[in-house]
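This briefing covers a metal site and a helix that follows it in the chain. Please keep the structure in view while reading.

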Amino acid sequence: MKTDLSFANLAAIETELLAVVAVDTQTAKGPDARPLPVLLTSDEAVKAAAAVVLATGEFKASANETLLLHVPVGLKARRLLLVGLGKQSRATLHSVRKAAGTAVRFTKPRGIRELAFALPEAELLPPGPCSRASVEGAFVGDFNADTHRSDRRDLSVQRFVLAAPAADKTAVEAGSAEGAIVGESQNFTRSLVNEPGNRLTPTILGRRAAQMAGEVGLSWDVYSTEKLQELKMGAFLGVAQGSAEPPALIVLRYEPDGASDGPLLGLVGKGITFDTGGISIKPSENMEKMKYDMAGGAAMLGAMRAIALLKPRVRVIAIVCAAENMPDGKAYKPGDVVKAMSGKTIDVINTDAEGRLVLADGLAYARQLGATHLIDAATLTGAIGVALGQHNAGVFSNDDAAFAKFSAALETSGEKFWRMPLGDEYAEQIKSDIADIKNTGGRAGGASTAAEFLHVFAEDTPWIHLDIAAMAWIDDARPWIAKGPSGVAVRSILEWARSF
Ligand code: BES
Ligand code: MN
Ligand code: ZN
């Protein structure tokens with residue numbers, strides 16, 4: 001998708017489809033309160049073209065509601081699409097992001113390959129951030145997951161024109177350039193997550209990471225079994241040993257000029273390219289979805305791509321621990337004791353709790369490389385979905401200041417994470433009779449005991465843990481995003497890094 005800017009009058013824009021957003025300004029409540037949709041544009045011609053249909057009350061401007069008008073009177077555009085943002089009081093940059101995605105996803109199945117989106121004009125939606133959100137939303141909306149269908153018709157939008165008032169030119173140019181980088185990076189993550197296990201082994205993931213790193217100017221190393229042995233990554237090796245596919249330890253480095261000291265951010269991602277559960281094998285129902293068990297690692301790669309292009313003044317390293325979790329004659333078994341890189345011994349109660357094992361060594365390695373702040377992302381537990389559903393991802397932290405910084409990043413990213421507890425009580429649940437810790441703490445508090453396991457390896461380095469198990473894959477399409485890989489966490493990790 002190509003993005004263009006137009007600073008012409010909306011009425012003069014020749015396009016197949018012009019999308020304009022509207023809010024519901026009704027504040028009264030009660031049975032007689034009708035929605036009062038108002039278009040967020042100062043363009044009189046567009047307002048006039050929509051006046052009749054708005055007066056009918058057919059269009060309520062509820063969030064992501066759409067209404068299409070053909071041959072709108074007084075406009076050069078062939079179609080005028082109204083997109084709702086919902087209640088005016090709740091219209092945020094994130095509602096704009098979704099509205100832009102909705103406009104793109106409305107356009108695609110109709111075989112229209114080009115649209116213009118009028119930048120919403122409102123006091124609480126400043127033109128720079130609003131342009132960024134619009135373009136991000138457009139890219140996110142443009143992504144489809146049916147990449148391996150042989151009869152696939154490419155319905156992607158070829159040109160997205162952001163139409164804005166000329167007075168906002170500078171802010172709009174900067175915002176939309178940023179939005180394209182962020183949106184494309186999120187889609188890069190989604191395209192990795194979407195790949196089946198046979199087409200995205202740890203080795204291939206390493207290759208894709210290296211290729212991306214080369215394109216955006218990051219330095220990188222992709223290691224395998226020998227390096228893991230050298231680093232004494234016994235936990236990571238334990239998981240990997242049951243697969244015929246060798247593991248990959250992917251390291252990407254972003255080192256901007258003039259930031260040779262100060263913080264070093266360590267991004268650590270779970271990259272299980274397929275999780276069968278190992279000897280503690282999973283039931284076959286829904287097992288196919290475990291191809292997305294590398295979504296945390298892919299999120300780190302997407303975030304690094306955006307970091308490399310947006311160039312914040314902070315050093316960042318990313319470590320993705322990629323392996324396949326398989327049952328085999330050589331596989332690790334329940335009851336095995338493995339020794340992690342940090343020296344801690346782990347009693348493997350359940351081979352399906354493999355994510356925390358690879359991350360244990362990833363976190364230790366990030367610390368060894370000098371990380372002063374850690375963030376990890378992982379499709380770690382089913383329990384997080386039981387707690388939060390598919391509406392919030394989980395965030396855990398050993399440091400309130402680090403959490404506050406992450407929380408601030410969510411304002412920009414528009415993503416929903418809910419803080420979940422760590423605590424000694426949870427740590428108690430993973431004490432082992434035979435080793436330093438065990439890798440499961442029972443069903444109760446499963447997301448928190450998993451987080452406490454990681455805490456043992458993050459130690460006292462300020463650390464954020466993101467459990468994205470229930471958010472990395474969207475089961476039902478929404479107006480602004482296709483079903484399939486969501487790319488969750490990319491934007492939030494990026495904003496967190498930029499806040500240093
Ligand atoms: N990859 C899974 C977690 C998961 C579940 C991701 C559902 C996405 C959707 C993880 O490796 C796992 O199997 N966790 C176990 C841990 C248990 C054995 C302590 C779980 O959550 O059941
Ligand atoms: Mn598992
Ligand atoms: Zn897993």
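Six donors count as octahedral if opposite donors are over 155 degrees apart and all others lie between 65 and 115 degrees, and an arrangement that meets none of the set patterns is irregular. The model discussed here is predicted. With that criterion in mind, the six donor atoms around the manganese ion (ligand 2) subtend angles of 71 to 169 degrees, which makes their arrangement irregular.

**The metal site**

- The manganese ion (ligand 2) is coordinated at 2.1 to 2.2 Å by Asp275 through OD, by Asp352 through both O and OD, and by Glu354 through OE.
- Along the chain, the donors of this manganese ion follow the spacing D-x76-D-x1-E.
- The zinc ion (ligand 3) lies 3.1 Å from the manganese ion (ligand 2), and Asp275 coordinates both.

- Asp275 counts as buried because its relative accessibility is 3%, whereas Asp352, at 22%, counts as partly exposed.

**Helix H9**

- Helix H9 has 14 residues and spans 20 Å from its first C-alpha to its last, close to the 20 Å expected at 1.5 Å a residue.
- Of the 14 residues of H9, 12 are buried, so the helix is largely enclosed by the rest of the structure.
- The buried residues of H9 include Arg356, Asp361 and Tyr365.
- Just after H9, Gly370 takes a positive phi of about 100 degrees.

Methods:
Residues are numbered from 1 along each chain as its sequence is written. Chains are lettered from A and ligands numbered from 1 in the order in which they are written. This is a predicted model: local features need pLDDT of at least 70, side-chain atom pairs count only at pLDDT 80 or more; totals for chains, interfaces and linings use all residues. Side-chain values use heavy atoms; hydrogens and water are left out. Donors are N, O and S atoms within 2.8 Å of the metal (3.2 Å for Na, K and Ca); water is not among the atoms, so sites may look incomplete. Four donors count as tetrahedral if all angles lie between 85 and 135 degrees; four count as square planar and six as octahedral if opposite donors are over 155 degrees apart and all others between 65 and 115; anything else is irregular. Buried means under 20% relative accessible area, exposed over 50%, partly exposed in between (1.4 Å probe, protein chains only). Helices (H or I, at least four residues) and strands (E, at least two) are DSSP runs, numbered from the N terminus. The expected span of a helix is 1.5 Å times one less than its number of residues.
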